[in-house]
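Work through the exercises below with the sequence and the model open. Each task is followed by a solution in steps.

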Amino acid sequence: MRSILIAFLFIFGLCQYSYSLDDIQVKLGEEFKTNNLFRGLQINDSWTSETALNFQYNWFHAEMFADLDLNSDNNTAGDFTAINLKIYEEIPVYENPCGCIFTEIDIIAGAEHFMYPEHDNYEKSNSPYKFFTEEQTSELFAGFKTESCLGVVSKTIGHFDVNENTGGFYLSSDLERPFLVTNYELFNDYFEFNIIPSIGSGYGNAEHNDYYYQSNDSGSTDWHTGIAFMSESDNVYWGPSITYSSLFDHDIRENNKDDDNWTCKLSVGFKF
């Protein structure tokens, strides 16, 4: 926890130059999911609700996520199974709307803290969480996001676990391409409707894979692909999505049940 507080003060300090209150944006969202996955692992096997609070002050972002297990066989139904706190800065280093390859490149750096309130119940469940020996973990992360002239948005992030008992490194890579379908008016609000296909994958070193997947080797861990149907205005966003996720490595698949998963999701949120 000390590491994430230090990172918070450092990143927030970088933001205190010439910004105004007009730069502040707050989002409050809710997701209802048919299951809950973490890096390809099925954590909750049934309906989960995730509440998200996002605060943005120009380049600075602070986010909180809380997962509520609505109905599962993991002895955690009705409880918050995970709470995540994330702070980061997303700094644009290149912008050119007429760029031949990239129209924008951003550098991302921050920290994330994971808390598992129902840690004691995991030992009696079928969830992969039962292998997690720590009630809290922290990660520092850094990477970049790009947008190409074709509208493809890519994000590559390296996650560095700073806990003595967990450690490890995880690399995530994601691609998505929004396609604007139409604009429409609803309740005197004007929405853009986009179809957004996506694909992504993860890679972990031996230390990371041993803790999360019970595998002693470095290698690709998981991959996912999906499609979202999102409507967004200046005040509201909502839409359904569907994702297919799978574990990669043979040993990882052997050590973890439910290694292939479909997840249906409904997202709704408000912007202030």
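The model is predicted.

**Exercise 1. Decide whether H250 is buried, partly exposed or exposed, and place H250 in the fold.**

Step 1. The relative accessible area of H250 is 55%. Exposed means over 50%, so H250 is exposed.

Step 2. H250 belongs to helix α4, which covers residues 250–255.

Step 3. Take S215 as a reference point: H250 and S215 are 35 residues apart in sequence, and their C-alpha atoms are 9.6 Å apart in space.

**Exercise 2. Describe the surroundings of S231.**

Step 1. Find the element. S231 is part of strand β13, residues 219–232.

Step 2. Classify the residue. S231 has a relative accessible area of 4%; the limit for buried is under 20%, so S231 is buried.

Step 3. List the neighbours, leaving out residues up to four places away in sequence. S231 touches Y184, F191, E192, F193, V236, Y237 and W238.

Step 4. Look for a polar contact. The side chains of S231 and Y184 are joined by one of 2.7 Å.

**Exercise 3. How many aromatic pairs does the structure hold, and how are the rings of F160 and F169 arranged?**

Step 1. The count is eight aromatic pairs.

Step 2. For F160 and F169, the centres are 5.0 Å apart and the planes make 45 degrees, a tilted pair.

Step 3. Check the accessibility of both rings' residues. F160 is partly exposed at 42% relative accessible area, and F169 is partly exposed at 23%.

Step 4. Compare with a second pair. W223 and Y244 lie 5.6 Å centre to centre with 65 degrees between the planes. Planes over 60 degrees apart count as edge-to-face, so the pair of W223 and Y244 is edge-to-face.

Step 5. W223 is in strand β13 and Y244 in strand β14, residues 236–247, so the pair ties together parts that are 21 residues apart in sequence. W223 is partly exposed, with 26% relative accessibility.

**Exercise 4. Which residues do ring pairs link into a cluster, and where do charged side chains lie over rings?**

Step 1. The cluster consists of F38, F114, Y211 and Y212.

Step 2. Elsewhere, R177 has its charged end over the ring of F179, 4.4 Å from the centre.

**Exercise 5. Trace the pairing of strands β7, β8 and β9.**

Step 1. Start with β7 (residues 102–115) and β8 (residues 136–148). These strands pair in the antiparallel sense over 13 bridges.

Step 2. Go on to β9 (residues 153–161). Strands β8 and β9 run antiparallel and are joined by nine bridges. Here K145 has K155 in β9 as its bridge partner.

Step 3. Inspect the turn. The hairpin of β8 and β9 has four residues between the strands, and G151 there takes a positive phi near 85 degrees.

**Exercise 6. Summarise the whole protein in numbers.**

Step 1. Count the elements: four helices and 15 strands.

Step 2. Of the 272 residues, 42% are buried.

Step 3. Take contacts between residues at least 6 apart in sequence: 56% of them join residues at least 24 apart.

Step 4. The accessible surface is about 14200 Å², and carbon and sulfur atoms account for 58% of that area.

Technical notes. Residues numbered from 1 in each chain as written. Predicted model: local features only at pLDDT ≥ 70, side-chain atom pairs only at ≥ 80, totals over all residues. Heavy atoms only, no water. Helix = DSSP H or I, 4+ residues; strand = E, 2+ residues; numbered from the N terminus. Buried < 20%, exposed > 50% of the residue type's maximum accessible area, 1.4 Å probe, protein only. Polar contact = N/O pair within 3.5 Å; in protein donor to acceptor, adjacent residues only side chain to side chain. Contact = heavy atoms within 4.5 Å. Phe/Tyr/Trp six-rings, centres within 6.5 Å; stacked < 30°, edge-to-face > 60°. Lys NZ or Arg CZ within 6 Å of the ring centre and 35° of its normal. Pairing = 2+ DSSP bridges. Areas by Shrake-Rupley, 256 points an atom, 1.4 Å probe, with all protein chains shown as cover.
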